Amino acid sequence: MSDSTAAPARPASTVMLLRDGKRGMEIFMVVRHRQIDFASGALVFPGGRVEASDKVLAGGDAHGAFRVAAIRETWEECGVLLAEEGQAPEAEGEFAAMLAQRRLVPAISGLAHFAHWITPVDVPKRFDTHFFLAAAPEDQAALHDGHEAVDSVWIRPAEALAEGIAGTKKLVFPTRMNLTKLARHDSVAEAFAAARAKPVVTVLPEQIGMTPEGRILRLPRAADYGGEEFLAGDPPSM
């Protein structure tokens with residue numbers, strides 16, 4: 001499929017909600033409902049598409065809309081509100097109404113831009129997704145919504161990766177790669193400092209081969225995933 005005939009990539013945001021646990025940094029992850037057509041049954045970070053109201057709440061800023069979407073999705077999917085005092089622009093939707101009632105605005109400065117992935121052009125359902133780190137407020141409990149997500153867990157990145165390898169949890173390729181990158185850090189402060197120290201390099205995976213174990217994908221070395229060629233871990237169906 002050429003770029004000219006590729007399906008459009010839908011703008012989306014993903015939230016990597018972090019806290020410091022007794023054994024090290026933990027991340028909040030949810031298990032997607034098995035009847036959802038994308039990443040069904042997988043252990044994922046909360047997130048979803050960018051809506052028109054997100055750009056309004058961001059004051060018309062296109063990149064700010066991704067940050068607002070990340071905060072809205074955190075509230076909708078986890079019940080965690082990342083906001084601060086202020087007067088938000090008038091916008092449609094339940095999230096905007098809630099902010100206006102409480103005289104709050106999305107706390108976009110509290111997010112750290114972690115990654116940017118665009119689905120390959122040969123995939124029929126594509127996303128243009130920005131990943132953001134967010135520190136979980138100590139006075140709020142994160143929960144799954146019971147609809148798109150049927151379970152949730154606070155887990156160390158290395159443990160999530162180990163469960164993926166063992167086959168006890170399903171991890172899609174972008175989730176696995178971003179967990180691997182995040183697992184280098186032992187604390188929330190360390191992860192934020194590292195994310196803010198380097199510019200984010202866009203990842204558009206390129207298939208360069210196929211094996212019985214699945215596709216071989218090439219990522220930009222500058223994106224800092226520890227190499228260029230990776231096994232996607234999706235063997236062809238028989």
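In the predicted model, the buried residues of helix 5 are Phe173, Thr175, Met177, Asn178, Leu179, Lys181 and Leu182. Helix 5 spans residues 173-182, and seven of its 10 residues are buried, so this helix is largely enclosed by the rest of the structure. A residue is counted as buried when its relative accessible area is under 20%.

The protein chain as a whole contains six helices and 13 strands. Of its 238 residues, 45% count as buried. The accessible surface of the chain comes to about 12400 Å², and carbon and sulfur atoms account for 52% of that surface. When contacts between residues at least 6 apart in sequence are considered, 60% join residues at least 24 apart.

Two residues were examined for their backbone geometry. Most residues other than glycine have a negative phi. Arg103, which is not a glycine, has a positive phi near 55°. This residue lies in the loop between helix 3 (94-102) and strand 6 (104-106). Arg103 has a relative accessible area of 63% and is therefore exposed, the cut-off for this class being over 50%.

Asp224 also has a positive phi, of about 70°, although it is not a glycine. Its place is in the loop between strand 12 (214-218) and strand 13 (229-231). With a relative accessible area of 24%, Asp224 is classed as partly exposed, because this value falls between the cut-offs of 20% for buried and 50% for exposed residues.

Notes: Residues numbered from 1 in each chain as written. Predicted model: local features only at pLDDT ≥ 70, side-chain atom pairs only at ≥ 80, totals over all residues. Heavy atoms only, no water. Helix = DSSP H or I, 4+ residues; strand = E, 2+ residues; numbered from the N terminus. Buried < 20%, exposed > 50% of the residue type's maximum accessible area, 1.4 Å probe, protein only. Contact = heavy atoms within 4.5 Å. Areas by Shrake-Rupley, 256 points an atom, 1.4 Å probe, with all protein chains shown as cover.
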